[in-house]
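The stops below can be selected one after another.

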Amino acid sequence: MTFPDGWTQGAHTYDGTSHPTYRRGDGPGVIIVHEIPGITPEVAAFGQEVVDAGYTVVMPSLFGTDGARMTPLATARALRQVCVSREFTKLRTGVTTPVAGWLRSLARELHDELGGPGVGALGMCFTGGFALAMMVDAPVAAPVLCQPSTPFVPGAKRGADLNLSPADLDVVKGKCAAGQQVLGLQFRSDPLTGTRFDTLTRELGEAFIRIDLEGKGHSTVTEHRQQEAIDAVLTFFADNLR
C-alpha cells in the first residue's frame with residue numbers, strides 16, 4: 001500500500017506470528033484494527049484523523065491487500081484468506097478469537113514505549129469485537145467496538161455472541177465494574193451486528209456507552225463515515241487516554 005507521506009512500515013512478532021504494521025503520529029497510543037477487506041484508503045483516512053487529533057496510531061495489517069479498495073472482489077479474496085486462517089473465529093460462539101493474543105502483545109509493547117494510562121484499541125466489522133478481547137491481558141484503557149459482526153450471522157445465538165470466552169468475559173466485566181468503559185457504535189438498522197449491543201448492555205451495564213446511528217449503513221467510521229461517530233471516538237480517547 002502507498003500511504004500518505006509519513007506512515008512508517010514495521011512489523012510485530014508474537015509467539016512465532018508476524019504481521020506488518022503502519023505507524024504515524026505522536027501522543028498516546030491507539031491501535032486501529034482494519035475491517036474486511038483490509039487497510040482500505042478509507043481505513044487509512046480514519047487513521048489519519050486520529051493522528052491529527054494528537055495520537056500515535058498503529059494499524060496492523062492482519063489480512064487482505066493493503067491499499068485495496070472495498071470492492072466485491074477484494075472482499076471475496078479477504079474472506080477466503082480469513083476463512084482458512086486459524087487466527088480468527090468465524091462462526092463459533094463462546095470463544096475468543098486467537099489473534100487476540102497477538103494484538104494484546106502489540107498493545108503491551110506500545111504502552112511500554114509511550115506510557116500513560118493505557119492505549120486505545122478500535123476494531124471494525126469482522127474485527128469489531130477484538131478491542132474487547134484486548135482488554136483481558138493488555139493495558140487497553142479506551143476500547144472501541146465499531147459495528148462488531150463476528151461470529152457471522154444469521155442465527156440468534158451468533159448474533160448475540162461477543163466473540164469472547166466466558167472466562168474472558170468475566171475479566172472484562174470485572175474491569176468495567178472497576179471503572180473501565182467500552183464505546184460501541186453501529187447503525188441502528190444494521191443486520192450484521194445482530195443483537196450484540198443488547199448483550200453488551202446487559203453484561204456491562206452503564207460501563208457500555210452505546211451509540212446507535214440513524215439511517216442505512218454499516219461502516220461507521222470509514223465507508224459510511226458519520227461525523228457523530230468520529231466525534232464520539234475522539235472524545236472517548238481524550239477522556240480515557242489523556
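Start with R242 and Y55: R242 sits over the face of the Y55 ring, 4.4 Å from the ring centre. Keep in mind throughout that this is a predicted model.

Next, turn to the aromatic rings. The structure holds 8 aromatic pairs. Select F88 and F126: their ring centres are 5.6 Å apart and their planes meet at 65°, which is over 60 degrees, so the pair counts as edge-to-face. F88 is in the loop between α2 (72-84) and α3 (100-114), while F126 is in the loop between β5 (119-124) and α4 (130-134), so the pair ties together parts that are 38 residues apart in sequence. F88 and F126 are both buried.

F126 and F130 are both buried.

F152 leads on to the largest pocket, where I36, C125, F152, L192 and H218 lie nearest the centre. The lining comprises 13 residues: 8 nonpolar, 4 polar and 1 charged. The volume of this pocket is about 250 Å³.

The structure holds 1 cavity of 30 Å³ or more, and the largest cavity has a volume of about 30 Å³. To find it, select G129, L132, L145, P148, T150, L162, N163 and R196, which line it. By class, that lining has 4 nonpolar, 3 polar and 1 charged residues.

Note on methods:
Residues are numbered from 1 along each chain as its sequence is written. This is a predicted model: local features need pLDDT of at least 70, side-chain atom pairs count only at pLDDT 80 or more; totals for chains, interfaces and linings use all residues. Side-chain values use heavy atoms; hydrogens and water are left out. On a 1 Å grid over the protein atoms alone, a cavity is a set of points where a 1.4 Å probe fits but cannot get out, and a pocket is an open set with protein on both sides within 12 Å along at least five of seven lines; lining residues have an atom within 4 Å of a point. Grid points are joined across faces, edges and corners, and a volume is the space filled by probe spheres set on the points. Ala, Val, Leu, Ile, Met, Phe, Trp, Tyr, Cys and Pro count as nonpolar, Asp, Glu, Lys and Arg as charged, and the others, Gly among them, as polar. Rings of Phe, Tyr and Trp (its six-membered ring) pair if their centres lie within 6.5 Å; planes under 30 degrees apart count as stacked, over 60 as edge-to-face and the rest as tilted. Helices (H or I, at least four residues) and strands (E, at least two) are DSSP runs, numbered from the N terminus. Buried means under 20% relative accessible area, exposed over 50%, partly exposed in between (1.4 Å probe, protein chains only). A charge sits over a ring if NZ of Lys or CZ of Arg is within 6 Å of the ring centre and within 35 degrees of the ring normal.
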